[in-house]
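Okay, everyone, thanks for coming. Let me put the model up and walk you through a few parts of it.

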Amino acid sequence: MSQSAAPTIRLQNVQKNTSQRKLYFFGALALLLVVVSFFSEQLCPYDPYMQDMSLTKAAPSAEHLLGTDRYGRDMLSRVIAGSKTSIFSTLLLVSFITLFGSLIGIICAWMGRKTDTVLMRLSDMFLAFPGLVFALAVAAVLGGGVHNAILALAAISWPKYARLARSQTLALQAAPFMQAAKMAGSSTFKLIYKHVIPNISGPILVTAVLDIGTMMMELAGLSFLGLGAKPPIPEWGSMMSDTRNLLPTQPWVTLAPGFAIFFSVMIFNLLGDTVRDYLDPKRR
Amino acid sequence: MDKILQVRHLKKIFPRQEGGEIFAVDDVSFTLSAGEKLAIIGESGSGKTTVARMIARLIPPTAGRIFLAGEEITQAKGKQLQKAYTQMQMVFQNPVDSFDPRCTLGDGISESLINHGRSREQAKKITENLLALCGLTADFADRYPHEVSGGQCQRAAIARALAIEPQLVILDEATSALDVTVQAEVLSLLNRLQQDRGIAYLFICHDIAMVQDFCDRVIVMHEGRIVEEGTPDEVINNPQEEYTKNLIDSVL
């Protein structure tokens, strides 16, 4: 018996190690993206707004690694500068909806009765609209600009977090340790702060990280449709939209921001998967 | 002797989903003196746990009144309820579930102390003493509930219940999740604590044999009602009700 037990234990250790290693790897990549977006101004080799009419639509070369667009602006600089708008706005959006949605969900679960009914029916209303179409309508009403695009996407995406936080909190409320904490004389605030939030943050964190990729796509989508960042502000979605007619002749101009979106979304999605695997209690 | 707990005409009616009502607890009255060990026994569904949970104010009663140390707590809220919880504590059926998986056992035990104004250092010291009292070493304070065995966890749960020095401890099937040898250890621990501190126990249990040595008085519940009451020997040797006879026969 003891001989057959040993390999099982070793296998579990190997699995844990790979998931931890993957977490560090994708975490480092995601951190790199965030650092690039934070220091984008210092990292740009050229001014992303500087036009050079003598060198328009140039192919990638040693001087301009990703070529230039139709105004002779350096594409590498524009892609790097665009990360500020794309990645930063996405992270802002996701943190906002995570905090706001979870707060609403906890309030619903805790108050119950009327508060719960009113807030949950409200979130049902938001869920009843097809997501991006509703965001389009909101962005169209509010007018263009990155801020309004963020608001539009926040309006449609908070209910997911509210529902998740609500169901998690409701499940917790029945747990004996919550009753024990209540009998220890803990106030409502302390119960939520010390026992509810640490216990529901795992699944919410996983959802949030997995949502970064989706939100980045939707934000780029809104910009592509002209309802996000306004030119000449570099933003990956609007850059693709501006240059899409160049795709057959000068593909690098369109593909540079395209691949930037592709790789960023992929990194954040893989990070989300890894975080989920890492936090999965069955894997421990 | 002082009456630590008085329960009068307690009722709990649950609405049934397909209409109608379930009388989970139907007109239950009893008193518990300071330092007394009272057992409530009955099969599952007899309403004994519902009684315990109503007394602990974890669910509201449909009707009836509950007095703790002479003060009515039936409708207690906020500060009044917090005060009631300094006199009354509970040990739950499943020890591991009764501790927050994200907090150490020490955090759980000291929570009530900190809530009632002790400093962290004081609470830590008291926690260590309580762990020693319950037969655990001080390093258990830094362990998480999934890192200890069920018996060790239940000892920690008893330590937590005793932290605030209550006069009444409700034990809701506190030994049923433990195996037989550990059960005996936990019972002797409870006995020792009762002799040292004079705590009253309300012992919710379905095992009539276990109650025999441990308790001063037994209440037998069946379908939400009290069907029999007396000392364990009276009830076991000379059961008056058919239901009690069946309950005893099922053990022997």
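Let's start inside chain B: I41(B) has C205(B) as its bridge partner in β8(B). Helices here are DSSP runs of H or I with at least four residues, strands are runs of E with at least two, and both are numbered from the N terminus.

Before I go on, the housekeeping. This is a predicted model, where local features need pLDDT of at least 70 and side-chain atom pairs count only at pLDDT 80 or more, while totals for chains, interfaces and linings use all residues. Residues are numbered from 1 along each chain as its sequence is written, chains are lettered from A and ligands numbered from 1 in the order in which they are written, and side-chain values use heavy atoms, leaving out hydrogens and water.

So, which sheet are we in? An open one of six strands with mixed pairing, in the order β6-β7-β8-β3-β9-β10 of chain B; two strands pair if DSSP finds at least two bridges between them. At the edges sit β6 (88-91) and β10 (225-230) of chain B, each pairing on one side only.

Now look at β3(B), residues 37-41. Five bridges join β3(B) to β8(B), residues 200-205, running parallel, and K37(B) stands opposite Y201(B) there. Towards β9(B), residues 217-222, there are four bridges, also parallel, with L38(B) partnered by R217(B).

Is β3(B) buried or exposed? Five of its five residues are buried, so β3(B) is largely enclosed by the rest of the structure. Buried means under 20% relative accessible area, exposed over 50%, and partly exposed in between (1.4 Å probe, protein chains only). Both faces are covered, with K37(B), A39(B) and I41(B) on one side and L38(B) and I40(B) on the other.

On to the helices. α1(B) lies across β3, β6, β7 (168-172), β8 and β9 of chain B, at about 145° to β8(B). Contact means heavy atoms within 4.5 Å; axes are lines fitted to C-alpha atoms, for helices over the stretch in contact, and angles run from 0 to 180 degrees between N-to-C directions. Then α6(B), residues 180-197, touches β3, β7 and β8 of chain B, at about 160° to β8(B).

The other sheet is open too, with four strands, β2-β1-β4-β5 of chain B, paired antiparallel. Nine bridges join β1(B), residues 3-15, to β2(B), and I13(B) faces F23(B) across that pairing.

Last stop, chain A: M266(A) is found in α10(A), residues 251-279, and is partly exposed, at 34% relative accessible area. That's the tour, thanks.
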